Amino acid sequence: MSPSVVTPSAGTGLLDAHGRVADDLRISLTERCNLRCTYCMPAEGLPLAPDDALMTRSEIARLATLAVRELGVRSIRLTGGEPLLRRDLVEIVGDLAPLDVDLSLTTNAVGLASRAQALADAGLERINISLDTLDPTHAQLLSRRSLLPRVLEGIDAAEAAGLTPIKINAVLMPGVNDGDDAVELLEWCLGRDFELRFIEQMPLDADRTWDHSTFVTAAQVRTLLEERGVALRPHPAPRDGAPAERFDVYAADGTRRGTIGIIASISEPFCADCRRTRLTAEGTVRHCLFARTETDLLGPLRDGAGDAELAELWRTAMWGKPAAHGIDASFVAPERSMSQIGG
């Protein structure tokens, strides 16, 4: 049998044809968002799938349980859109918390102040918060909303609720927050013992303005920090499939001040060790963030498919994952933007 027609064996985890095993599941809970970040959504928003096309709380729990117990998933991150816009988010967390899994959430923190403690009590372990700048003018320019104070309140509430360690995700956009803003944000994170992660802008914006020649690269981030006196050394712990390359930050006297991460999906891709599988809010599997195809699980689930059939569909979807995302001059972006896919 030729390698092109080999398929994964029943009972295996989420193995692909290149030897990688996906054990990190990202579940998008909604396509909705209360921000309109320029690198993600257009100012007017996007057409939304009808509510009955999205996974329900029980369907999320069933597929997540299948992933953990039958397919070897060890970590689950809840994403969106903005997951806080799910009214049943706390209940979803409570459903997933008993699973033997590292459970975390990515959010813009708008509205988190009133829900952080309930999420922690339900079993949420960690949280990643999107915050591109501390400058109110630049924050409004990037997100098209004046909600920075509510984001900061949400961060305070998450820390008070024990949802730590907190990671802050920042996308640097040329000419906006790729200078003093980045250093100010880093100093703020170091002072609060948060881990800042700079994320390269990806070609998943709905406006299709991403350009391979103008996005801020990981190398440019490192140069920016070093030129402003930030001393970086590679973090000694193994990367172990994580998307972020981590660096320790040192003061002039040699004292370690904290750690940052840089996620260089485009300029320094880590496809060879990618261990992620994704479920969209509509219950489809994406084997790669930049994939142009999806495999439906929700339809078969609603039609009565058993766990064995759903697991086989999921395995087959992941088996077809390409060796690399292939983002170059000829790259064709997926039809769906980041908010529709899930981060």
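Biologist: Is Cys271 buried or exposed in this predicted model?

Modeller: A residue counts as buried when its relative accessible area is under 20%. Cys271 has a relative accessible area of 15%, so Cys271 is buried.

Biologist: Where does Cys271 lie, and what does Cys271 touch?

Modeller: Cys271 is placed in the loop between strand E11 (256–263) and strand E12 (276–279). Leaving aside residues up to four places away in sequence, Cys271 touches Arg20, Ala323, Ala324 and His325.

Biologist: Which residues does UniProt list under "binding site"?

Modeller: Such annotations may be inferred rather than shown by experiment. The unreviewed UniProt entry lists Cys271, Cys274 and Cys288. These residues span 18 residues in sequence, but no two of their C-alpha atoms are more than 9.3 Å apart, so they gather at one spot.

Biologist: Where is Cys288, and is Cys288 buried or exposed?

Modeller: Cys288 sits in the loop between strand E13 (284–286) and strand E14 (295–296). Its relative accessibility is 14%, so Cys288 counts as buried.

Biologist: How many residues are in the largest nonpolar core, and which have the most contacts inside it?

Modeller: A nonpolar core joins buried residues through side-chain atoms within 4.5 Å. Here the largest one has 104 residues, and those with the most contacts inside it are Ile76, Leu78, Ile129 and Trp314. Helix H1 (residues 57–71) gives the largest share of this core, seven residues.

Biologist: Which residues does Trp314 touch?

Modeller: Not counting residues up to four places away in sequence, the contacts of Trp314 include Leu63, Leu66, Ala67 and Leu71. Trp314 also touches Leu14, Leu25, Thr277, Leu279, Val285 and Leu297.

Definitions and conventions:
Residues are numbered from 1 along each chain as its sequence is written. This is a predicted model: local features need pLDDT of at least 70, side-chain atom pairs count only at pLDDT 80 or more; totals for chains, interfaces and linings use all residues. Side-chain values use heavy atoms; hydrogens and water are left out. Buried means under 20% relative accessible area, exposed over 50%, partly exposed in between (1.4 Å probe, protein chains only). Helices (H or I, at least four residues) and strands (E, at least two) are DSSP runs, numbered from the N terminus. Contact means heavy atoms within 4.5 Å.
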